[in-house]
Amino acid sequence: MGKLERKQERAPVPAGWDYAPAPEARDLVQLRERYGIFVGGKWIEPKETYTTIDPASEEPLAEIGQAGPAEGRDGRRRRARRVRERLVGARTRPSARSTSSASPACSRSGSRELAVLESLNGGKPIRESRDVDLPLAAAHFFYYAGWADKLEYAFPNRRPAADRRRGPDHPVELPLLMLAWKIAPALAAGNTVVLKPAETTPLTALHFCDILRQAELPPGVVNIVTGDGRTGAALVEHPGVDKIAFTGSTDVGKAIQRRLAGTGKRLTLELGGKAANVIFDDAALDQAVEGIVNGIYFNQGHVCCAGSRLLVQESVYEDVVRKLKRRMATLRVGDPLDKNTDRRRDQLARAAREDPGAGREREAEGAEIYQPPCRLPEKGYWFVPTVFTSVAQSYRVAQGGDLRAGAVGG
């Protein structure tokens, strides 16, 4: 036996393959104790506030302004509208709109802080914030900036016209990316914007206000108002808003549509649904399982098209369920600021704690629940990866909004 073989023989065998913690530095972010409302390039002190938290520890992060009708009616809104009339009504040159559209993405100094804030306030794994949300948000600003001086060529014999003042409202699921989806095309077309982020995850939008200042975007072009549903309702009904773009639940979308009927305001709705994966017996099952896991557990299922239903051909049903359960057992649930984490704390998982019997109700309907062994912290809002099998189409889990759980039907 050679020396090399003896050396390899004596090498210690690892007791386990656990990942060592690799947390992102939280002190990258300096939070204010209190945030106001950003209108006309200035911070307005609100009359009412609420607390936004870290959902992993339930630790308060900051006091957030609750905007209401009073803030919407004051003179600062009128000043912001005059900015719009100067920039848009005067037909700002397309090249200038292109520069304004790209400038927020050009300010890269805050990108790492934004990734930490996204994970800290919303619970998204830092790997997703850093490697998915931030690059895509920047890409959207650059993409739409490129359209600003090409609209007249893209639509021959039609002169592009702005909606003037737009009021986007977006949900908890992808705060920063939703912001880019709403603001970037609006700026490229020459609009001013009033954005209301989700009440539970406002911090990235508020940090974005500093990026707007660094990018020297004219005051009043982008305004950020925070608050709960009352703020959203005030924004929908505000006479100075010409278009509403809402992403969220179907029920709220219907309510907005009823409110705007006959007003002449334009409306764009992006409402969620129960997306299905269909798996036949000729599929590459291991690859299909990876697609299933990514489709439902990415961003904790908080995606409008999350693959929350699986329709599986009977001949491969047992194999798919077995492979899926085995893969679920490997998901790492933990601190979202840890770069090894697959699944994170959840701003909306508080519903599971408030209604711990919800999963058992689904079982009572006839579905079978599977949750891999998982130790969760005592504090914070956490949800174990879950799959329901033997699900009929009439069951509530196959029809409702249980986006954090996959439902499998043969």
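This is a predicted model: local features need pLDDT of at least 70, side-chain atom pairs count only at pLDDT 80 or more; totals for chains, interfaces and linings use all residues.
User: In which order do the strands of the open sheet of three strands lie?
Analyst: Strands of a sheet pair through backbone hydrogen bonds, either parallel or antiparallel. Here β1 and β5 run parallel and are joined by two bridges, while β4 (residues 49–54) and β5 (residues 59–65) pair in the antiparallel sense over six bridges, and the pairing of the sheet is accordingly described as mixed. The edge strands, each pairing on one side only, are β1 (34–35) and β4. The order of the open sheet is β1-β5-β4.

User: Which residue in β5 is the bridge partner of Tyr35?
Analyst: Two bridges join β1 to β5, and β5 also pairs with β4, where the bridge partner of Thr49 is Gly65. For Tyr35, the bridge partner in β5 is Ile64.

User: Which residues does the cluster of ring pairs with Tyr35 link?
Analyst: A search of the whole structure finds five aromatic pairs. Tyr35 belongs to a cluster held together by ring pairs, and Tyr35 also has a bridge partner in β5, Ile64. The residues linked in the cluster are Tyr35, Phe38 and Trp43.

User: Is the pair of Tyr143 and Tyr144 stacked or edge-to-face?
Analyst: A pair of aromatic rings is described by the distance of the centres and the angle of the planes. The ring centres of Tyr143 and Tyr144 are 5.0 Å apart, with the planes at 85 degrees, and planes over 60 degrees apart count as edge-to-face. Tyr143 is partly exposed at a relative accessible area of 49%, and Tyr144 is likewise partly exposed at 25%. The pair of Tyr143 and Tyr144 is therefore edge-to-face.

User: What phi does Glu58 take in the hairpin of β4 and β5?
Analyst: Most residues other than glycine have a negative phi, and most peptide bonds are trans. Glu58 lies in the loop between β4 and β5, a hairpin with four residues between the strands, and is partly exposed, with a relative accessible area of 25%. Although Glu58 is not a glycine, its phi is positive, at about 60 degrees.

User: How far apart are the end C-alpha atoms of helix α9?
Analyst: Helix α9 has 12 residues (residues 203–214), and at 1.5 Å a residue these should span 16 Å. Several residues of α9 are buried, including Leu203, Leu206, Phe208 and Ile211.

User: Is α5 roughly parallel or roughly antiparallel to α9?
Analyst: Two packed helices are described by the angle between their axes and the distance between the axes. Helix α5 (residues 111–122) packs with α9 at an angle of about 160 degrees, with the axes 9 Å apart, and angles over 145 degrees count as roughly antiparallel. The crossing of α5 past α9 is right-handed. The direction of α5 relative to α9 is therefore roughly antiparallel.

User: What distance separates the C-alpha atoms of Pro385 and Gln371?
Analyst: Pro385 sits in the loop between β13 (368–370) and β14 (386–389), where Pro385 is buried, with a relative accessible area of 1%. Pro385 and Gln371 are 14 residues apart along the chain, and their C-alpha atoms are separated by 6.0 Å.

Notes: Residues are numbered from 1 along each chain as its sequence is written. Side-chain values use heavy atoms; hydrogens and water are left out. The expected span of a helix is 1.5 Å times one less than its number of residues. Buried means under 20% relative accessible area, exposed over 50%, partly exposed in between (1.4 Å probe, protein chains only). Two strands pair if DSSP finds at least two bridges between them. Rings of Phe, Tyr and Trp (its six-membered ring) pair if their centres lie within 6.5 Å; planes under 30 degrees apart count as stacked, over 60 as edge-to-face and the rest as tilted. Axes are lines fitted to C-alpha atoms, for helices over the stretch in contact, and angles run from 0 to 180 degrees between N-to-C directions. Angles under 35 degrees count as roughly parallel, over 145 as roughly antiparallel, 65 to 115 as roughly perpendicular and the rest as oblique. A crossing is left-handed if the near helix is turned anticlockwise from the far one by less than a right angle, and right-handed if clockwise.
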